[in-house]
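Please read them alongside the sequence and coordinates.

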Amino acid sequence: MVNLTLYGLDPSPPTRAVKMTLAALQLAYKYVNVNVLKAEQLSPAYLQKNPQHTVPMLEDGPARFWDSHAIMAYLVRKYAKDDALYPKNFYKRALVDQRLHFESGVVFAHALISITRMVLFLGQTKEDHEYIAGDQLTIADFSLISSISSMVAYVEIDPVKYPKLRAWMRRMEQLPVYAENAEGARLFIASVKKAKFTVAE
Ligand SMILES: N[C@@H](CCC(=O)N[C@@H](CS)C(=O)NCC(=O)O)C(=O)O
């Protein structure tokens, strides 16, 4: 029997990436809200489970781990009917892994200072493929859309300059699993706008 618990918060982009993966795999799970905006991740109970005090975190029966990329890859490996979302083919997997590390190390980790690099990489160099790592939807799409749909709080992605990037975003928004991302992204953008952050040139 599947016994999954996801700890997270909807405005958190990596939490939403995991929620999209769970929806794509049609997996039922318990969702425990950890309000990082109120520092709930620093409670002794949560620290005891995750000393790195981040969300998302997954529990699968007795197994427990965190980092959205590790969680998504694990869910596909363990529960997917096929390997489409995280291909086993060495080359295809390397492409997906590259995009996942790009999301983690560049887009998410340095969101503001790397916006230009992110737009250049994904906007100008995005090849004529439907999805981020080729012609097939993978967990790299879930990962990157969770960050990029949040980043539009800081920067507008010009549809004329970056038509392929915008087309991919629209394509993602059409997916049924995008429902797992939409409301949290809206909450994230609303809280950023409220705080009136700006991006320096
Ligand atoms: N690379 C991690 C990033 C996790 C992360 O930094 N999550 C934020 C919320 S979006 C968090 O938990 N922040 C609270 C903290 O670090 O104490 C992932 O993909 O899961």
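**Notes on the ligand site and selected local features**

1. An oxygen atom of the ligand lies 2.6 Å from an N or O atom in the side chain of S68, which falls under the polar contact rule used here (a pair of N or O atoms within 3.5 Å). The ligand on its own exposes 510 Å², of which the protein buries 77%, with accessible areas taken from the Shrake-Rupley method and a 1.4 Å probe.

2. This is a predicted model, in which local features need pLDDT of at least 70 and side-chain atom pairs count only at pLDDT 80 or more, while totals for chains, interfaces and linings use all residues. Residues are numbered from 1 along each chain as its sequence is written, and side-chain values use heavy atoms, with hydrogens and water left out.

3. The residues surrounding the ligand include S12, Q41, H53, D67 and F108, where a residue counts as near if one of its heavy atoms lies within 4 Å. This shell divides into five nonpolar, six polar and one charged residue, with Asp, Glu, Lys and Arg counted as charged.

4. V55 is joined to P56 by a cis peptide bond, with omega about 0 degrees, and P56 is found in the loop between α2 and β3.

5. Six salt bridges are counted, each being a side-chain nitrogen of Lys or Arg within 4 Å of a carboxyl oxygen of Asp or Glu. One of them joins the side chains of E59 and K49 at 2.9 Å, N to O. Because E59 lies in strand β3 (residues 57-60) and K49 in helix α2 (residues 44-49), the pair ties together parts that are ten residues apart in sequence; helices (H or I, at least four residues) and strands (E, at least two) are DSSP runs.

Key. Polar contact = N/O pair within 3.5 Å; in protein donor to acceptor, adjacent residues only side chain to side chain.
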